[in-house]
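Biologist: Could we go through this model together? I would like to begin with one side chain and its surroundings.

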Amino acid sequence: MIPEFLKKPYPFIFNRYSVWVPSIITFILIIFLAPLGFSTIDFLERVVIALVISVIIAGSIHFGIIGLKKLLPSHMSEDTWTIGKEFLLYVFVLSVIILTISCVFIAVVMYQYDSINPSKIFLNVFFRTAKITFGICIIPIVVSILIEQKNYQKRQFLKANQLSEKLKKEISIIKKGKSKGEEKILFRSDNNDIELQLKFEDIMFIKSEGNYIEVHYQNKHNVAKKVIRQRIKNIETSLPKENFFRCHNRFIVNKSFITNINGNARGLSLELANSDETINVSRTKIKALESFLVQ
């Protein structure tokens, strides 16, 4: 049950609030709660120390997350972000805070008492800091994750309804507009052999499967599929942008076949006429989808 819950999609949110909120909370904790013996330090000195720690934490979180995104791009992808990854990111942020507070506190103690060996007290200070920090933060973290998960699902549902309304208007315009008639696209394999030629209006969607693509299209009154050894990015450039949209790394869809837009915890998905295929919309493509529907 718990592992399945941790696999649920979650919005990846990294902005200035992600950096400064933990820093401000740390500043307030040191000033007013004064854990780990900070209460023995003069108030004005404690303010200065808390400010320094907060700035260090802000920088550590900012560059730490940027570093993680560069070192682990596939794991830090917004489209694959889950509750479990969000929880681990919180643990990473808390670890940065704990390590920073511990190091600064030991530095202050060493400054006051020259005879203290930092290696003897570091682990004690670190574990005490971890105990206090996790004790204070773990419940707010879990609650905030649950609330944000519910709010995100609600936002996606509302967004889907808004886009569906725009889609209905756009489809009615397309039906009244001029058809592309006999204009066709040639689907070539990677050795340049022509595998398929179709009218634009008959192409439903294109799905990527590694080095191959699946072209789903209408053949008279039936739906057909053709597998071609080709990359989807090579096909994308030959399609008219006003009718076709790359909604996901794996999918290109024809606007005129979209019948509905659904929203759930995973984001947005498209329903296509005469197809049972689930067409997911990449989270990074949602704004572009909105522009595409009203262009």
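**A serine and its helix**

Modeller: The side chain of Ser54 reaches the backbone oxygen of Ala50 at 2.8 Å, a polar contact (a pair of N or O atoms within 3.5 Å; within protein, one must be able to donate a hydrogen and the other to accept it, and residues adjacent in sequence count only if both atoms are side-chain atoms). This is a predicted model, where local features need pLDDT of at least 70, side-chain atom pairs count only at pLDDT 80 or more, and totals for chains, interfaces and linings use all residues. Residues are numbered from 1 along each chain as its sequence is written, and side-chain values use heavy atoms, with hydrogens and water left out.

Biologist: Which other backbone oxygen does the side chain of Ser54 reach?

Modeller: That of Ser23, at 3.1 Å.

Biologist: Is Ser54 buried or exposed?

Modeller: Ser54 is buried, as its relative accessible area is 6% (buried means under 20%, exposed over 50%, partly exposed in between, with a 1.4 Å probe and protein chains only).

Biologist: Where is Ser54 placed?

Modeller: Ser54 belongs to helix H3 (helices are DSSP runs of H or I with at least four residues, numbered from the N terminus). Other buried residues of H3 include Ile53 and Ile57.

Biologist: How many residues has H3?

Modeller: H3 has 29, residues 43–71, and spans 41 Å from first C-alpha to last, close to the expected 42 Å (1.5 Å times one less than the number of residues).

Biologist: Changing topic, is Ile24 buried or partly exposed?

Modeller: Ile24, in helix H2, is partly exposed at 47% relative accessible area.

Notes:
Helix = DSSP H or I, 4+ residues; strand = E, 2+ residues; numbered from the N terminus.
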